[in-house]
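User: I've got this model open on my screen and would like to talk it through. Can we take it bit by bit?

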Amino acid sequence: MSYAKRIKVLKLRTGGTALISSFPSHGMVSIVGSVAGGARLAGSDMLAQMHAAMLLEGTKKRNKTAIQIALDSMGASLSFTVERDRLSFSAHVRDAYLKNLLMLITEVLREPSFPTRELAILKERTTAELSLEGQDTRAQAGINLSHLLYDPEHPNYQTSTEDSRTQLSKISRSDLVKFHARAIDGNSLVISATGSMNGLELLRVIESSFAKLPKADIKIPSFAPAERRTTQSIAVHIEDKASIDYMLGIATGITKDYVDYPALMLGLQILGNRSGFTGRLMKTVREVEGLTYGVYAYPAGFSSADGYICVWATFAPQLYERGRTAVMREVRLIVDNGATDIEVKKHRTMYEARSRVTLANSGDLARAAHDITIEGHTPSWLDDFPQRVLTVTARQVNAALKKYLISGDLSESAAGPIPKE
Amino acid sequence: MKATLKKVRTAYGITEYALSNGLRALYKRDTTLPIAALCVTFHVGSRNEATGHTGATHILEHLLFKDSKHYSKAKGNSITDHLEWMGALMNATTWLDRTNYFELLPAERVGEAIAMEADRMRGSLFNDADLASEMTVVRNEFERSRNNPYEILDEAVMSTAFTTHPYRIPTIGLKEDIEGSTAAKLREFYDQFYWPNNATLAVFGDVSPDELEHLVIKNFGSISSSPHSIPVMTIIEPVQMEPHSCEIRKPAGVSIATLAYKAPRATDSDFVPIFMLATILAGGFSSRLQKRIVDKGLAAEIHTAVFPLYDPGTMSFTATVGKNVKPKRVLDIMRRELQAVARKGILSAELTRARERILSQIADEHDGIFSEIRSVSESVAAGDWTLGYTFEDRVKKMKVSEVNKVAKKYLSTSNETAGILFDTLSSQTKTTI
C-alpha cells in the first residue's frame, strides 16, 4: 500500500504548494496549511501567538461575531497556531462548505482588523491560560529542559511562562499591525486538503481563494545548530501536585535528514517506544519495578531544526529518586551494551507495519502531507522512510546511540512536588 | 455442541451477528486501506463496582495485559509484545459503563488479534505478583489525574450531583479502595463479568465476511457463556429536589466554575435535544455562553460535556475563570443565561448552527475505521449500538420546540449542581536536582 500515491502535489499558479489527497471521510475535508512566519520572525513568541489568535477576532469586512456565526453555520472548526517558523492553520469542514471556509481563511489572512477591544479581552484570557501553564508540571518540565539544551535563538527554545507574561503585557494593536504587514507571504503557502472531494475542483477553489494573499520577501532569522552541553539540572517545585513530570534530554545537533537519524530513531524506540508498551523503559521501570504509569524515549524537535533526545516519565514523589535511578540505569545499559539483533529486527518491523496504520484518517493524512512538505520532502517520503528503517542494522543503532545518547551529558528537568531531600 | 453464528440484522453498513454463547459481533467491511480495527467492549464499568471495591474495573483492565493461557512473557509472546510486534496501535480504556480493548493493525494480522482477545476473555492468569507491580502503576495514573484541576473539579461535581448512583465515584476509584485491592477479589470480579454473553466484539476494515465468520466461530465459539446470570446494577438515583453545590480550594493557577444538570440516559428520547441544547449554549464559536462569558473577558474558555451513558448522567458547562474575575460572578451569569433559555427558548438560527456543528462532529467520528469503531463502542455501552447513527437522523429533523421542551424540563434550579475550584496563591521555587 502507498499513502504517497494518494497525495497530489500541485504548484499553485498564484504561489505556494497544494497537496490534495483523496480519502473517504464521510463528507469531511481536513485542511492543514501554513505560511512562513512564526515566533522567530516576530522576535517574540507572544507577539506571534497573539497575532495568530487575533486573526479570528475581526476583519475589515466582518466583526468577530460575524466570523463566529459564519464558522458555526458551516459547522466548521478553524484554528490558527504558531510554530517557531510558521503560522499554521487547521480546519475540518464538510465538503459542501469547503469553498466558503477557504475564502474565510484567506480573508482573515489578508485583512484582519485587530480590534483594540478584542485585543484587550484576548490578553486577559491569555493571562489566565499562562497562569494555568505555570502550574502545569509537564509544560514546566519541558520549557526548562529546552533552556538547558538550547540558546534563545534556536527554534527548539521555549519561552518561559514568566517571559511570556512580560511579552504579553507589552503587546499593542500597532505591534500586531506592523508584524502582519511583514508576516504573510503567499509564495510560502503550503496547504494540504484530504477528503472525498473532487481534487481538480478543490485545486481551482484553492487557487481562486488564495490568489490575493500578499507576497512578501520573508527572511526567517538563521540559527546555529545546538552545541552539546555538559550535564545540567533544574527542578521546579509546584505545590499541591501529586505527580512529578521528569525529563532527561540532550541536543543531537543533527536533523531528520542526517544519515544517522533512522538508526537513532530506532534506538530510541527500542529504549522507550512512545506509542506502546514494548520499549525497554516500559518493560522494566513500569512493568517489573512498578515505578511509573508511563516512561518513554523519543526524538523531539526535529521538525524544523536539529533536534534532541527526550526521555519523559511521571513519578510519585516517594518513588522519584528510585525512578530517576532506574531510568538512568536503562539509558546506560542500552548505550554501554547496545540493543540486540532481535530487538532491532522486531522494532524495525513494527515501525514499518505501524506506518501502514497510523495515517488511516483524513486529519492525520493531511497533517503528514503538510509536515513533510515543510521539511522539504516529497510525499514519497511517507513510503520510503519506513523502507529505509527496515534496512537499519543493530550495528548502526548502537553506533548512533553511543554517538548521541551520551549518558554523562544528559540534562535533567523536573516539575511538581519535588521531595525536599 | 458446535457454536453457531447467526446474522441478526444489517443497518448503517454494519452487520450484527449473534454467537450461540451470547457474544454479539458487529462487522463492517471497509477496503479503503489494507487495515482492520478490532474492539471488544465488556458491559462492565465503574457503575458495576461494589462499595469498598471502587477502581476494580480499571485495575482489572490493567491486569488483562498480563499473561493469559496462550500468551505470556515466558513464551515470548506477551499480549503487548504480540500486538505491537505486528504493528498494532492498541490500548484499553475503562469508563462508567464499559471496559474496551481495541487495536488498529494490518488487515492480514486480524486473525491473530482476535485469537488473543478470545484468549484473555476467559484465560487471563493474573496473580498477586502482577497486582503488586501494577498497583504503583495505577497509583501513578491516579496521581497524574490529581495534577489536573479540571479533573479534580469534575469529580467533585459528579460526587455532589449524585447521592446514590455509582456515577458519583470516579472510574479510577477511591485511593483507599485502589490500595486495598486483592488479586482474589479482582478474580471474582473477572469471573462475574468477563464472559462472551456480556461482551460485544466489533471488527471493521478490510476483512471478508467469510473470514470474519470463520474467525469469530474458531476463536470465541469454544468459550462457554457464563454459568451464572451477569449481575445487574439496579441502583437508581433519586430525583434531585434541590440545588447541590461544592467548593474546592487549590493552587491551580486559575479558578474554574462548573454548572451541571442531571440529564437523560443516551437511549432516552430527550437525549438528542439535550445534546443540541448544550451545543447551542456552549458548543461553538458563537454559542450563548461563549458570547456572554468568554467574549466579555470574564472567562478564558468555556466548554460543555454531555456523555451518552447507560443511566441518566449530567449536562455540564465549565468555565476557566478570568484572572481578576470572581468565580461566583461567572457562575451567576451562566445560571442567568441558562434560566433565560429555559424561560424564553432558543432561536431557530441557533438550532440551525448547532445542527451543522453536530453533523460535522458525527462525520469526524466516522473519519477512519479506528475512530468509528470506538464511537460504536460507546453506543454499545450506552445500550444500543445504532445510537451514533440514529443520532444523526434525529439531529437533522430536530425542531425548536423539542429543544425548548428539554430546556424547560432540565435547566431548573432544583436540578442544578454548582462547583467552584478557587485558585489559591500559587508559588514556584527553582532548584537544581
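User: In which sense do strand β3 and strand β7 of chain B pair, and over how many bridges?

Analyst: Keep in mind that this is a predicted model. Strand β3 covers residues 24-29 of chain B, and strand β7 covers residues 199-205. Within the pair, Tyr27(B) sits opposite Val203(B) of β7(B). The pairing is parallel, over six bridges.

User: Which strands stand at the edges of that chain B sheet?

Analyst: The sheet is open, with seven strands in the order β1-β2-β3-β7-β4-β6-β5 and mixed pairing. An edge strand has a single partner, so one of its sides has no neighbour in the sheet. In chain B that picks out β1 (5-11) and β5 (89-94).

User: What angle does helix α3 of chain B make with β4(B)?

Analyst: Helix α3 takes in residues 110-122 of chain B. It lies across β4 (35-42), β6 and β7 of chain B. Its angle to β4(B) is about 10°.

User: Over in chain A, is Arg182(A) buried, partly exposed or exposed?

Analyst: Arg182(A) belongs to helix α8 (residues 173-183) of chain A. Buried would take 20 or more C-beta neighbours within 10 Å, and exposed 12 or fewer. Arg182(A) has 15 inside 10 Å, so it counts as partly exposed.

User: Which helix of chain A gives the largest share of the side that touches chain B?

Analyst: The contact takes 68 residues from chain A and 61 residues from chain B. By class, chain A's side has 27 nonpolar, 27 polar and 14 charged residues. The largest share of that side is nine residues, and they come from helix α5 (residues 116-134) of chain A.

Methods:
Residues are numbered from 1 along each chain as its sequence is written. Chains are lettered from A and ligands numbered from 1 in the order in which they are written. This is a predicted model: local features need pLDDT of at least 70, side-chain atom pairs count only at pLDDT 80 or more; totals for chains, interfaces and linings use all residues. Two residues are in contact if their C-beta atoms, placed from the backbone, lie within 7 Å. Helices (H or I, at least four residues) and strands (E, at least two) are DSSP runs, numbered from the N terminus. Ala, Val, Leu, Ile, Met, Phe, Trp, Tyr, Cys and Pro count as nonpolar, Asp, Glu, Lys and Arg as charged, and the others, Gly among them, as polar. Two strands pair if DSSP finds at least two bridges between them. Axes are lines fitted to C-alpha atoms, for helices over the stretch in contact, and angles run from 0 to 180 degrees between N-to-C directions.
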